[in-house]
Amino acid sequence: MNLRTDPSTLEPLARRLAYRTQLDADDRKAVMALPFTLKTMERAHFIVRERELATHSCVMLSGYSIRSKLAATGMRQIVAIHMKGEFVDLQNAMLKIADHSVQMLTSGRVALIPRNEIIQLTLDRPTIGHAMWIDTLVDGSIFREWIMNVGRRDARTRLAHLLCEFALRLKLAGLGRHDGYELPMTQEQLADATGLTSVHVNRTIKTLEADGLIERSNPRSINIGDWRRLAKVGDFDSNYLHLRADEAALA
């Protein structure tokens, strides 16, 4: 891979790391100066497969990606979704051998940063290391909430919860509003994320729509008429996203 540097390309990553950790101007410049390989990837392309040696970490520049695990039966469980500005597989890069797959959900652009460059940066600039640590801890918090969703909530609550989460995360990434956005997942993909069948997902979304909790002008368009009511149905509390107070207040 031919490495390049372009501060403007990694600006979304610097902005995300600075969201929860105060980075000074030199820290931000150091993040944006990381060398990377720019790639355009098609939908369903694997960034890394489970059991592969992870040599790079991936920063999403556009589009969406997912983390997933496959059971012996071939059934897939989606365990996370990632969007613009997010470090997708920092864990894989730190642990060397990927314990899950990372795959493009849609087509998009990614920046692949060599793991040795990331490790060196965290050693040279501890504040950036702290920011990356916080970022992985928030990932872990979201993972725990998804486990709760699949393990202890019914279908209606699971989907309402996921729709609320998407609203806030997409808004944070500049990709939507807290009361309206384009859903990045198909019903089949939602099924893989919630442990349901696509038929059950379809039926449940229709009931949410019939009850006036959401409106759809097309299958991917989600408009939330009454945020608090949808959040109550979804047993949704934004605390696990660790948003700033001004962002969390919208929820």
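Guide: Three helices, α1 (11–20), α5 (126–152) and α6, each contribute at least two residues to the lining of the largest pocket; helices here are DSSP runs of H or I with at least four residues, and strands are runs of E with at least two, numbered from the N terminus. The model is a predicted one, in which local features need pLDDT of at least 70 and side-chain atom pairs pLDDT 80 or more, while totals for chains, interfaces and linings use all residues. Residues are numbered from 1 along each chain as its sequence is written, and side-chain values use heavy atoms, without hydrogens and water.

A pocket is an open set of points, on a 1 Å grid over the protein atoms alone, where a 1.4 Å probe fits, with protein on both sides within 12 Å along at least five of seven lines; lining residues have an atom within 4 Å of a point. The space in the largest pocket comes to about 310 Å³, a volume being the space filled by probe spheres set on points joined across faces, edges and corners. Its lining has 18 residues, and Arg16, Lys84, Glu86, Leu172 and Ala173 are the closest to the centre. Helix α1 gives the most, five residues. By class, the lining holds nine nonpolar, two polar and seven charged residues; Ala, Val, Leu, Ile, Met, Phe, Trp, Tyr, Cys and Pro count as nonpolar, Asp, Glu, Lys and Arg as charged, and the others, Gly among them, as polar.
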